[in-house]
Amino acid sequence: MEGDFIKINEWLQPLSWLYGAGVGFRNFLFEVGILKSRVFQTPVISVGNITVGGTGKTPHVEYLVRLLQDKMRIAVLSRGYKRKSHDFLIADEDTPMKLIGDEPYQMKQKFPRITVAVDKKRTRGISILENSQQAPDVILLDDAFQHRYVKPGVNILLVDYHRLVIYDKLLPAGRLREPLKAKDRADVVIVTKCPKELKPMDYRVITKAMNLYPYQHLFFTTLDYEPLQPIFSKAPKTPGPLAQQNVLLLTGIASPQQLQEDMKPQVKSITPLTFADHHDFSQKDIKRLNETFAAMTAPKCIITTEKDAARLAQIDGLSDEVMSNIYARPIRICFMLEQEETFNNLITGYVIKNSRNHIVAQQKDDNKVKEENVEETNKPKKIVFR
């Protein structure tokens, strides 16, 4: 099977060259200024990747929200993948998921105090947010590394540990959306989904292989799992000791492998039921879920992701048995190598330094110094007789 996959990739290599030429030409137009990147007054932090597939964008954006939400007004701007609406839209707590997409919906449900907006045209979205009555102090762009019409103040590139970009190929032979050189645009590179037992030698090898510039900061994060949350009120708060559970692991995300590997030692057995990223569950899928779970041996439960839970909670047809035994597994990211404080200071320092209040205060200080200099210049000179 592996040989066939490599052979297919070799046949697709000429298409990757054509794709790379097109993407490279577009990037060239931005580099020479024919296509313009716009800078905004509000601090903008972009989180994205250069690969197809999940690198952990949502939990990293959530980390930034938790870091900043008590200090300033935050807006998260996403394109709203697969949403059933158009143009710019600000979500409230009652906005249906279909109008904003699953990830913005999840973000608004978890952080109701922040502004969550969607717009395919990020420049327009930022402009509207900046001119709104409750203008944000910082804007987080979700999945915007390729959206070069915006020039963020901090550009964060996420790289999956299990699929390092340095060993990957351009689409369609590999998963790269852009040539490897695109990583040079990042101010911060984060290697995500690292195994917790990563050795010091592994860090050194990856750091050298990434070959970053001195101005770029490299961090490593791993996934940490929070207690299970029942999706429906029919389910008890906990399914009981996980070590005794036969688990149906239901996922509609790009890279479920890490979740599977992390859960294996914690449960009695795992039956994976895997769908594509952002999958819209059909009644056929629901029937398959009901039947698969009914056939499993007790004690048993279903564990899914927060993103999938948001979609499942709005679907009819789930059996009572499924609704009474299905749980979401929230995840958070944790920095490794004691890098958390360094990352936090980097982000908060940028936002505070570039906030409107700081700039206004700085301008006032500069004007005060200028006025004092003018007053000093206009003072009559004291004549000293010798």
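## Basis

The model is predicted: local features need pLDDT of at least 70, side-chain atom pairs count only at pLDDT 80 or more, and totals for chains, interfaces and linings use all residues. Residues are numbered from 1 along each chain as its sequence is written, and side-chain values use heavy atoms, with hydrogens and water left out.

## Overall make-up

The chain has 12 helices and 14 strands. Helices (H or I, at least four residues) and strands (E, at least two) are DSSP runs, numbered from the N terminus. Of the 386 residues, 48% count as buried. Buried means under 20% relative accessible area, exposed over 50%, and partly exposed in between, with a 1.4 Å probe and protein chains only.

A contact means heavy atoms within 4.5 Å. Among contacts between residues at least 6 apart in sequence, 79% join residues at least 24 apart.

## The largest pocket

The largest pocket holds about 680 Å³ of space. Pockets and cavities are found on a 1 Å grid over the protein atoms alone: a cavity is a set of points where a 1.4 Å probe fits but cannot get out, and a pocket is an open set with protein on both sides within 12 Å along at least five of seven lines; lining residues have an atom within 4 Å of a point. Grid points are joined across faces, edges and corners, and a volume is the space filled by probe spheres set on the points.

The lining of this pocket has 36 residues, and Thr 58, Glu 103, Ile 253, Asp 277 and Lys 307 lie nearest the centre. At least two lining residues come from each of α2 (57-68), α4 (102-110), β8 (217-225), α7 (257-263) and α9 (306-312). By type, the lining has 10 nonpolar, 12 polar and 14 charged residues. Here Ala, Val, Leu, Ile, Met, Phe, Trp, Tyr, Cys and Pro count as nonpolar, Asp, Glu, Lys and Arg as charged, and the others, Gly among them, as polar.

## The cavity

There is one cavity of 30 Å³ or more. The largest cavity has a volume of about 40 Å³. Its lining consists of His 60, Tyr 63, Leu 64, Ile 156, Ile 190, Ile 333, Phe 335 and Phe 343, which divide into seven nonpolar, one polar and no charged.

Helix α2 gives the largest share of this lining, three residues. Both α2 and β14 (331-335) supply at least two residues.

## Aromatic pairs

The model has nine aromatic pairs. Rings of Phe, Tyr and Trp (its six-membered ring) pair if their centres lie within 6.5 Å; planes under 30 degrees apart count as stacked, over 60 as edge-to-face and the rest as tilted. Phe 30 and Tyr 149 form an edge-to-face pair, because their ring centres are 5.0 Å apart and their planes stand at 75°. Phe 30 is in helix α1 (residues 2-31) and Tyr 149 in the loop between β5 (138-142) and β6, so this pair ties together parts 119 residues apart in sequence. Phe 30 is buried at 7% relative accessible area, whereas Tyr 149 is partly exposed at 34%.

Tyr 213 and Tyr 215 make a stacked pair, 5.5 Å centre to centre with 10° between the planes. Tyr 213 is partly exposed at 42%, and Tyr 215 is partly exposed at 45%. Ring pairs also link Tyr 63, Phe 219, Phe 335 and Phe 343 into a cluster.

Lys 183 sits in the loop between β6 (154-160) and β7 (188-192) and is buried, at 6% relative accessibility. A polar atom of the Lys 183 side chain lies 2.8 Å from the backbone oxygen of Met 210. Not counting residues up to four places away in sequence, Lys 183 touches Leu 157, Met 210, Asn 211, Leu 212 and Gln 216.

Pro 59 is in helix α2 and is buried at 11% relative accessibility. Beyond its neighbours within four places in sequence, Pro 59 contacts Ile 331 and Ile 333.

## Backbone exceptions

Most residues other than glycine have a negative phi, and most peptide bonds are trans. A cis peptide bond joins Leu 171 and Pro 172, with omega about 0°; Pro 172 lies in the loop between β6 and β7. The bond from Ala 298 to Pro 299 is also cis, with omega near -5°, and Pro 299 is in the loop between α8 (283-294) and β12 (300-304).

Lys 82 has a positive phi of about 65°. Lys 82 lies in the loop between β2 (74-78) and β3 (89-90) and is partly exposed at 43%. Glu 338 has a positive phi of about 55°; Glu 338 is in the loop between β14 and α11 (340-354) and is exposed at 79%.

Notes. Polar contact = N/O pair within 3.5 Å; in protein donor to acceptor, adjacent residues only side chain to side chain.
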